[in-house]
Amino acid sequence: MKIDLSGKNIIVTGGARGLGRACVQTFTESGARVALVDIDFKAARESAARYDRATAYACDLEDPDSLKVLHQKLSDDFDGRIDILVNNAGIISYAKDFESISVREWDQVINVNLRGPFLASQVFGADMKARGSGKIINISSLAAHIGGIDVGVHYTTSKAGIIGLTRSFAKKLGPFGINVNAVAPGITLTEPVKRHLAGREAEYIAAIPLRRLGQPEDVAQAVLFLSSAMSDYITGCVLDVNGGIYMN
Ligand SMILES: NC(=O)c1ccc[n+]([C@@H]2O[C@H](COP(=O)([O-])OP(=O)(O)OC[C@H]3O[C@@H](n4cnc5c(N)ncnc54)[C@H](O)[C@@H]3O)[C@@H](O)[C@H]2O)c1
C-alpha cells in the first residue's frame, strides 16, 4: 500500500546519510517536501540533490543558536508550516568503558542526541500546537531497552532519555492534535555501524530471530508509518525495528 504525503512539509535532522537519508528518500517518494538538516552541509547538499523536493539546510543541533536560525529560516521557507519533524541526528559512540568517558564527550552526546531533539520539539512543537496538527518522530535505540550492546553509557542514556521525551511531549501535545512517537532501531547498517562490526556481522546476526541486520530502509518504513494518517490514534509509542533481538 502506497502512503501519500503530498503537500506535507517534513524536517529530517541528520538527513545527509544513514537512517536520515533513507527517511528523506522515502518521504520524497511519498510526495512530501523535505528539509534535509545536517551539520555536514556539503554532504547534506549532495544528498538533497539526489531527490526531488528535498532541500539542504545547515544546522549544528548541539548549538541552540544554530537551531534558532534554522527555525526562522524554515518558518520563512515553508510559510510557518512544518507538518512532521523527525529528530534523527545523533552521534553513535562506542566508548569501551565508562571510566574513559570525558565530561566533554558526555556533554556532546547528550546535547546532540537528547537536548537537540528537545529544543527542536520545543520550537517546531509550539508551531504545531498553535496550528492544531502535526507529528513528531524521535529516533531512540535498542540500547535504551537493553543497556546497549557495544555503545557507551552516555549514548544509552541519551536514547533512554528520548523515550521519556517522547512520552512527555505526547502528553503535552496530544490535546492539540499532535502525535509524538519514537522508533527504536536495532543494529542497522549505516557507516558507523559497518565500521564497528567490520567482519563480525555473523556473530550479531546469530542473536537476531529474523537472521539479518537492519537496513536503513527498514527504519524509514516505520518512520513513514508514524508520519502517515495510518497512525493517527497512536501516540507515545516506541516502535521497535530490530528483527526481534529485543521484544518489548
Ligand atoms: N545505525 C544504527 O544501528 C542505529 C541504531 C539505533 C539508533 N540509531 C540512531 O539513528 C540515528 C541516525 O544514525 P545513523 O546510523 O544513520 O548515523 P550516521 O552517523 O550515519 O548519521 C548521523 C547524521 O547525523 C548528523 N549529525 C551528527 N551530529 C549532528 C549535529 N550536531 N547537528 C546536526 N546533524 C548532526 C551527521 O552529520 C550524520 O549525517 C542516530 O540518532 C542514531 O543514534 C542508529
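Modeller: Let's begin with a cut-off: a residue is called exposed when its relative accessible area is over 50%, and buried when that area is under 20%. Keep in mind that this is a predicted model.

Colleague: Why does Arg-211 count as exposed?

Modeller: Arg-211 has 52% relative accessibility, and exposed means over 50%, so Arg-211 counts as exposed. You'll find Arg-211 in the loop between α8 and α9 (216-227).

Colleague: What makes the phi of Arg-211 worth a look?

Modeller: Its value is near 55°, which is positive, and Arg-211 isn't a glycine. Most residues other than glycine have a negative phi. Ala-198 also has a positive phi, near 30°. Ala-198 sits in the loop between α7 (191-197) and α8 (201-205).

Colleague: Is Ala-198 buried or exposed?

Modeller: Exposed: its relative accessible area is 56%, and the cut-off is over 50%.

Colleague: Why is Val-153 called partly exposed?

Modeller: Its relative accessible area is 44%. Val-153 belongs to helix α6 (residues 153-173), and together with Phe-98 and Trp-106 forms a nonpolar patch on the surface. Those three have about 320 Å² of accessible area together.

Colleague: What is the space in the largest pocket?

Modeller: About 1,000 Å³. Of its 45 lining residues, those closest to the centre include Gly-90 and Tyr-155. Helix α7 gives the largest share of the lining, six residues. By class, the lining has 23 nonpolar, 13 polar and nine charged residues.

How values were computed: Residues are numbered from 1 along each chain as its sequence is written. This is a predicted model: local features need pLDDT of at least 70, side-chain atom pairs count only at pLDDT 80 or more; totals for chains, interfaces and linings use all residues. Side-chain values use heavy atoms; hydrogens and water are left out. Patches are made of residues with over 30% relative accessible area and no salt bridge: like charges are joined within 9 Å, nonpolar side chains (Val, Leu, Ile, Met, Phe, Trp, Tyr) within 5 Å. Accessible areas come from the Shrake-Rupley method with a 1.4 Å probe; for residues, only the protein chains shown count as cover. A salt bridge is a side-chain nitrogen of Lys or Arg within 4 Å of a carboxyl oxygen of Asp or Glu. Helices (H or I, at least four residues) and strands (E, at least two) are DSSP runs, numbered from the N terminus. Buried means under 20% relative accessible area, exposed over 50%, partly exposed in between (1.4 Å probe, protein chains only). On a 1 Å grid over the protein atoms alone, a cavity is a set of points where a 1.4 Å probe fits but cannot get out, and a pocket is an open set with protein on both sides within 12 Å along at least five of seven lines; lining residues have an atom within 4 Å of a point. Grid points are joined across faces, edges and corners, and a volume is the space filled by probe spheres set on the points. Ala, Val, Leu, Ile, Met, Phe, Trp, Tyr, Cys and Pro count as nonpolar, Asp, Glu, Lys and Arg as charged, and the others, Gly among them, as polar.
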